[in-house]
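Okay, thanks for coming, everyone.

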Amino acid sequence: MPSLLSRLRRVRHSDQVIAAQVRATLVESLYASPQSLVIGAVASSAIAVTVAAVSGDGWLIAGAVALTGTALARIVDALRPPRSARDGGQKSGRQVKHQELVYLTGALSYSMLLGMFGLLTLTNTNDGVLQLLAVTTTIGYAAGIAGRNAGRPWIALSQLCCASVPVIVGLLASFDPLKAELAVVIGLFVVAMMNITLQTYDVILKATVGSMEKAALAEYNAALARRDDLTGVANRTAFREQLEADFAALGEADYCLAIHWLDLDRFKEINDSFGHFAGNALLCGIAARLNETYGGRGIVARLGGDEFAIVCRIRHPGEAASIGQEILRLVEQPVQHHGRLLHATASIGIAVAPTDGRDPDTLLKNADLALYRAKDSGRGQFCFYEPVMDEKVERGRHLASEMKGALGRGEFHLLFQPIFDLHGAAVVSCEVLLRWNNRRYGSVSPVEFIPIAESSGLIVEIGSWVIREACRSASGWGTDVNVAVNLSPIQLRSPDLPAVIMNALAATGLTAGRLELEVTESVLLEDVEGAIAALKAINSLDVGTTLDDFGTGYSSLSYLTRFPFQTLKIDRSFISDLEQSPASVAIVQTIVELAAKLGMRTVAEGIETQAQLDQLRRTRCDAVQGYFLAPPMSASMVDAMLADDKVRARG
Ligand code: C2E
Ligand code: MG
Ligand code: MG
């Protein structure tokens with residue numbers, strides 16, 4: 001007995017401290033097996049009705065009616081749809097308490113009525129069979145309930161007492177020794193049942209807590225596996241799952257699905273200039289902002305590196321444009337890192353389902369194409385997918401495969417565009433311009449095929465061929481006119497470049513001083529130290545270097561002091577503006593003066609009119625190039641032109 005009391009105290013304590021979710025599961029267990037409740041209620045009510053009918057006692061008839069009514073109410077409550085489904089998943093603490101109270105009220109009322117019915121049968125009838133029926137039904141019910149409701153031990157124990165104590169009282173009240181003995185046995189039985197209930201509760205509680213901890217751990221691990229470690233937003237796996245789920249739900253829905261695929265512009269520069277921690281801080285800051293704004297509307301994921309994707313539901317494509325605008329704005333807000341403000345911009349590709357893709361793969365591919373286009377057309381902007389992009393990519397793929405055998409098939413040839421001294425009188429140099437005449441696609445512009453050659457890596461082989469061929473042509477000119485070859489950033493990074501140049505010079509006998517190599521600014525942005533070293537290596541061979549297209553993109557005057565260039569080519573965009581824009585005149589004038597002070601020559605390219613040439617003469621740049629003076633021409637034409645020049649010079 002003392003151990004039972006201490007266990008009761010323990011149960012009271014543990015019942016007070018169990019987690020809300022565990023309590024909810026235990027309360028749910030009361031409703032877990034409605035069949036047993038229905039069988040118990042129907043059987044005991046049926047016995048009560050029989051006992052009442054046979055005895056004809058008014059109290060018993062009233063008791064049987066009350067029992068049947070309560071039984072019906074409890075059956076209705078037990079057979080209602082499962083609680084969690086009805087309440088939409090998780091229930092609040094209040095709902096759980098209410099549910100438990102409803103069950104408790106029904107259970108105690110029924111147990112009390114059953115106990116009272118047993119007591120009345122013992123006091124109001126003398127029929128031994130009826131008494132046997134009432135007592136066994138009540139005690140059987142009490143025993144069943146002690147096991148069934150052990151998940152909520154207070155309910156089970158109260159039911160046990162409410163049902164059996166009146167029967168014990170009824171048996172004792174008859175002052176019959178045999179009945180008294182039965183009362184004692186039932187009393188002991190109740191104590192034993194209480195023990196069993198408490199033991200069962202312990203087992204149920206441990207199992208419930210254990211399985212919940214396991215479920216919580218599994219949920220935590222699953223969430224962790226779907227999160228990007230650095231930024232905390234969804235990772236590629238979670239993004240893919242969500243996208244597939246969104247597509248499955250899209251069906252005939254009256255909304256569209258927009259994917260915004262963004263890539264930070266020049267993120268590498270931030271990493272290189274301020275370090276990886278700064279780069280990470282920038283990614284985290286941007287991810288947090290995007291998630292705050294769009295996390296609730298859809299999914300924000302980091303797909304790797306500096307790439308993010310956002311998927312959300314929209315009513316019409318116009319909405320995708322405003323989201324794109326907002327993303328650009330969010331990315332452009334600076335991120336603080338150790339007292340420094342980090343700035344970034346993004347390029348965004350947008351594709352909208354179902355128009356731009358009826359499955360996740362197509363939509364992603366098209367968003368990627370649009371992103372490529374956004375980057376290509378200036379960065380810091382968004383681009384919608386257009387079917388024409390597919391054609392461009394398809395053509396690019398075919399050109400890449402055609403390019404593989406193009407050198408062997410002799411499809412490449414060189415044109416030469418003369419560069420004149422400022423008076424336009426003498427040719428000082430010729431720029432080599434590569435041409436490709438493909439067997440299937442005909443003439444392909446270098447503006448189209450050079451990037452393809454760069455991304456396929458073929459540019460190194462093709463570029464080496466250009467250097468060799470240019471040197472060969474120039475060595476046959478019979479004058480000291482220079483030859484200028486365009487160099488791709490990939491060639492500049494190639495460790496074999498000095499060897500390629502030396503071999504070309506050695507094989508053709510061209511003096512190193514007559515070769516110039518032109519590189520564009522983009523080369524300087526990527527790997528500053530590497531670029532400086534490569535340019536110095538070229539200069540150490542006595543080969544000249546030219547900064548091409550100066551003034552486009554991200555020009556910085558600091559390039560002029562940091563990088564070893566002997567010549568500066570002013571981009572043709574300034575030259576074409578010379579006639580209309582006084583600002584362009586001032587810019588060209590400044591560039592020419594600055595370059596002269598730094599000991600560099602200046603070449604103005606893209607001269608198309610006499611007026612432009614006149615204007616340039618006033619700025620005193622060193623050399624001029626353009627269709628107005630001479631278009632790019634074949635090797636034989638340039639040979640003839642230079643031979644003419646030579647004759648005139650002699651004459
Ligand atoms: P770039 O080095 O700036 O070459 C000058 C481009 O301007 C050439 O176009 C030339 O034909 C064009 N041009 C010359 N004068 C005028 C003019 O008065 N007005 C206008 N509007 N344009 C003029 P092209 O031959 O189509 O070459 C385009 C670009 O392709 C070149 O720009 C260069 O970046 C690249 N490229 C050409 N050949 C090679 C090569 O052998 N290797 C590498 N890596 N790139 C090359
Ligand atoms: Mg050039
Ligand atoms: Mg140029």
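**Around the ligands**

So, ligand 1: by class, its shell holds 10 nonpolar, five polar and eight charged residues. Here nonpolar means Ala, Val, Leu, Ile, Met, Phe, Trp, Tyr, Cys and Pro, charged means Asp, Glu, Lys and Arg, and polar means the others, Gly among them. Quick housekeeping: this is a predicted model, where local features need pLDDT of at least 70 and side-chain atom pairs count only at pLDDT 80 or more, while totals for chains, interfaces and linings use all residues. Residues are numbered from 1 along each chain as its sequence is written, chains are lettered from A and ligands numbered from 1 in the order in which they are written, and side-chain values use heavy atoms, with hydrogens and water left out.

Back to ligand 1. There are 23 residues around ligand 1, and Arg435, Asn486, Arg572, Glu608 and Tyr627 come nearest; a residue is near if one of its heavy atoms lies within 4 Å. Which elements supply at least two residues of that shell each? Strand 9 (427-438), helix 16 (446-456) and strand 13 (544-550) do, and strand 9 has the largest share, with four residues.

The side chain of glutamate 431 has an N or O atom 2.9 Å from an oxygen of ligand 1. Aspartate 548 also puts a polar side-chain atom 2.9 Å from a ligand 1 oxygen. For isoleucine 607, a backbone N or O atom lies 3.4 Å from an oxygen of ligand 1. The protein covers 85% of the 800 Å² of accessible area that ligand 1 has on its own. Those areas come from Shrake-Rupley with a 1.4 Å probe, and for residues only the protein chains shown count as cover.

On to the metals. What are the protein donors of the magnesium ion called ligand 2? They are Glu431 (OE), Asn486 (OD1), Glu518 (OE) and Asp548 (OD), at 2.1 to 2.2 Å. A donor is an N, O or S atom within 2.8 Å of the metal (3.2 Å for Na, K and Ca), and water is not among the atoms, so sites may look incomplete. Glutamate 431 is in strand 9 and aspartate 548 in strand 13, so that pair ties together parts 117 residues apart in sequence.

Aspartate 548 coordinates both ions, which are 3.8 Å apart. Aspartate 548 in strand 13 and glutamate 605 in strand 15 (residues 601-605) link distant parts of the chain, 57 residues apart.

Buried or exposed, those two? Aspartate 548 is buried at 6% relative accessible area, and glutamate 605 is buried at 8%. Buried means under 20%, exposed over 50%, partly exposed in between (1.4 Å probe, protein chains only).

Aspartate 542 sits in the loop between helix 21 (528-540) and strand 13, and is exposed at 53%.

Definitions and conventions. A polar contact is a pair of N or O atoms within 3.5 Å; within protein, one must be able to donate a hydrogen and the other to accept it, and residues adjacent in sequence count only if both atoms are side-chain atoms.
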